[in-house]
Each structure stands twice: as C-alpha cells, then as structure tokens.
Amino acid sequence: MPARTTPRWNHNIAYHRFVLASMPQRCRTALDIGCGDGMLALQLAARAGSVIGVDPDPASIRAAREQSAGHAN
C-alpha cells in the first residue's frame, strides 16, 4: 500500500480540537467512548493523569493498545 500523502480525516477527527479546547489543561481522568484506534485518547493523555478508551470493536482496541504502548497513563 502506498504511503499516505494527505492528512487523515473523518467526522470524529474533525471534533478533536473542540474536545481538547473544552477540557482543562490538566485533569485526573479522561474517558474516550468509541475510541477507535486511540488517536484522541493519545491527545487526551497529554493532559490527563489517566485515560480510559472503550470501543465495541476488538480490532480497534488492539490498534489503540499498540499505539499507546509507550504511554503509562
């Protein structure tokens, strides 16, 4: 498969800036419902002591775990 040359986008990604702007700079816990591959959860981890991501799709949860493997929270 060729390398992606355009930024990734979907309707959920379009709201990431709004979600991040709506949360405090630091918080104890963040919950990402329908986390998919964990893209927003990783951004939340920069501000939250702990992030919980849930998704009904096992493949998405596996991808989220792989992407967040280097993050303790």
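The following legends describe close-up views of a predicted model.

Local features are described where pLDDT is at least 70, side-chain atom pairs count only at pLDDT 80 or more, and totals for chains, interfaces and linings use all residues. Residues are numbered from 1 along each chain as its sequence is written, and side-chain values use heavy atoms, with hydrogens and water left out.

**Figure 1. Overall arrangement of the protein.** The secondary structure comprises three helices and two strands, which follow the order α-β-α-β-α from the N terminus. Helices (H or I, at least four residues) and strands (E, at least two) are DSSP runs, numbered from the N terminus. The C-alpha trace spans about 40 × 25 × 25 Å along its principal axes. Of the 73 residues, 27% count as buried; buried denotes under 20% relative accessible area, exposed over 50%, and partly exposed in between, with a 1.4 Å probe and protein chains only. Among contacts with a separation of 6 or more, 32% are accounted for by residues 24 or more positions apart, a contact being heavy atoms within 4.5 Å.

Figure 2. Within helix α3 (residues 58-67), S60, I61 and A64 are buried. These residues lie on the same side of α3 because they cover an arc of only 100° around the axis, where the arc is that of the directions from the helix axis to the C-beta atoms. R65 and E66, on the other side of α3, are exposed. The buried residues of α3 pack against β2 (48-54).

**Figure 3. A64 in helix α3.** A64 belongs to helix α3 and counts as buried because its relative accessibility is 11%. Apart from neighbours within four places in sequence, A64 contacts G36, D37 and G38. Q43 is 21 residues from A64 along the chain, and the C-alpha atoms of the two are separated by 12 Å.

**Figure 4. D37 in the loop between β1 and α2.** D37 is located in the loop that joins these two elements. With a relative accessible area of 19%, D37 is buried. A polar atom of the D37 side chain lies 3.3 Å from the backbone nitrogen of M39. A polar contact is a pair of N or O atoms within 3.5 Å; within protein, one must be able to donate a hydrogen and the other to accept it, and residues adjacent in sequence count only if both atoms are side-chain atoms. Leaving aside neighbours within four places in sequence, D37 is in contact with R8, S60, A63, A64 and Q67.

**Figure 5. L20 in helix α1.** L20 is part of helix α1 and counts as buried at 13% relative accessibility. Beyond neighbours within four places in sequence, the contacts of L20 are L40, Q43, L44 and R47. L20 and L40 are 20 residues apart along the chain, with 8.9 Å between their C-alpha atoms.

**Figure 6. The largest pocket.** The volume of this pocket is about 340 Å³. Of the 22 residues that line the pocket, N12, H16, D32, G34 and L40 are the closest to its centre. On a 1 Å grid over the protein atoms alone, a pocket is an open set of points where a 1.4 Å probe fits, with protein on both sides within 12 Å along at least five of seven lines; lining residues have an atom within 4 Å of a point. Grid points are joined across faces, edges and corners, and a volume is the space filled by probe spheres set on the points. At least two lining residues come from each of α1 (16-22), β1 (27-33) and α2 (39-45). The largest share, six residues, is supplied by β1. The lining consists of 12 nonpolar, seven polar and three charged residues. In this classification, Ala, Val, Leu, Ile, Met, Phe, Trp, Tyr, Cys and Pro count as nonpolar, Asp, Glu, Lys and Arg as charged, and the others, Gly among them, as polar.

**Figure 7. The second largest pocket.** This pocket holds about 270 Å³ of space. Among its 16 lining residues, the closest to the centre are A41, V51, G53, A64 and S68. Two or more lining residues are given by each of α2, β2 and α3, and the largest share, four residues, comes from α3. By class, eight lining residues are nonpolar, six polar and two charged.

**Figure 8. G53 in strand β2.** G53 is placed in strand β2 and counts as partly exposed at 34% relative accessibility. Not counting residues up to four places away in sequence, G53 touches D32, C35 and I61. G53 and G36 are 17 residues apart in sequence, and their C-alpha atoms are 8.3 Å apart in space.
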